[in-house]
Amino acid sequence: GCVSDGTPLQGVGFSFSPKFASSFQQSLSAIRVIPAVPTKKFPPLTVFLVVALLCLMAFPAVMRAAADPKEEAEILNAAESVFLSMAKRDFPALWRGLTAETQRAIVRNVHKAVVKAGVTFSEEEVRADLEKGGGLALDYWGGYLSRFDPKTVLEESRWTFGEFKKDRAEILLRHKKSDYDAHLKMFREGGLWKVGLDETFSVRQ
């Protein structure tokens, strides 16, 4: 591991493993399947109402304001850019693409690990290192990417646009080996769309 100026941390041996780094794979199998409705037991009017309800559930845009094509493209591009930055190990660009909540969660986790290792860094110093892609960023994202391959999202998953609200949206990611969608949460902050990794994959959700 290294400190923010690139100097190795002697005897520390950082190897961060963020709690949500492997949650993408878990989330693909964690979503429950809605059981089929035994429609043959219902009278015709009830069948119609059930079918109509299921259609509304399947197409949330019917019930909510839909993003226009330009905004939808902006949201999808913002998400793709984050995973591309992961793949290229462009950690400053990756950091800029994350929500404020995700950034705060990462800073807290890294700061705790640094303090536990006996290194005196403030949270502000940790944040500055992560922003510029310094030694702590290399250690953190190295541990993250040892457990999560962004190619599973970029090359092996189907992307579809999901729920949209004014400053929130979801992208549905379905891996080719899964029957279920992972709901990637997106948030508009400061006029730009950001990826909510912690909001999506945190065990607190």
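Glutamate 170 is buried, with a relative accessible area of 14%; here buried means under 20% relative accessible area, exposed means over 50%, and partly exposed is in between (1.4 Å probe, protein chains only). Its side chain meets that of lysine 185 in a salt bridge, 3.3 Å from N to O. A salt bridge is a side-chain nitrogen of Lys or Arg within 4 Å of a carboxyl oxygen of Asp or Glu. This pair links distant parts of the chain, with lysine 185 in strand β3 and glutamate 170 in strand β2, 15 residues apart.

A quick word on the model: it is predicted, so local features need pLDDT of at least 70 and side-chain atom pairs count only at pLDDT 80 or more, while totals for chains, interfaces and linings use all residues. Residues are numbered from 1 along each chain as its sequence is written, and side-chain values use heavy atoms, leaving out hydrogens and water.

Now for the sheet. Four strands make an open sheet in the order β1-β2-β3-β4, with antiparallel pairing. Strands (E, at least two residues) and helices (H or I, at least four) are DSSP runs, numbered from the N terminus, and two strands pair if DSSP finds at least two bridges between them. β1 (157–164) and β4 (192–195) are at the edges with a single partner strand each, so one side of each has no neighbour in the sheet.

Six bridges join β1 to β2, and phenylalanine 161 stands opposite isoleucine 171 in β2. β2 and β3 also pair over six bridges, and a hairpin of six residues joins them. Between β3 and β4 there are four bridges. That hairpin has two residues between its strands, and glycine 190 in the turn has a positive phi of about 60 degrees.

Back to the charged pairs: the whole structure holds seven salt bridges, including these:

| Pair | N to O distance |
|---|---|
| Arginine 188 and glutamate 71 | 2.5 Å |
| Glutamate 101 and arginine 108 | 3.8 Å |
| Lysine 185 and glutamate 170 | 3.3 Å |

What does the pair of arginine 188 and glutamate 71 tie together? Arginine 188 lies in strand β3 and glutamate 71 in helix α3, so the pair connects parts that are 117 residues apart in sequence. Arginine 188 is partly exposed at 26% relative accessible area, whereas glutamate 71 is buried at 14%. Glu71, Asp167 and Arg188 are linked in a network of salt bridges.
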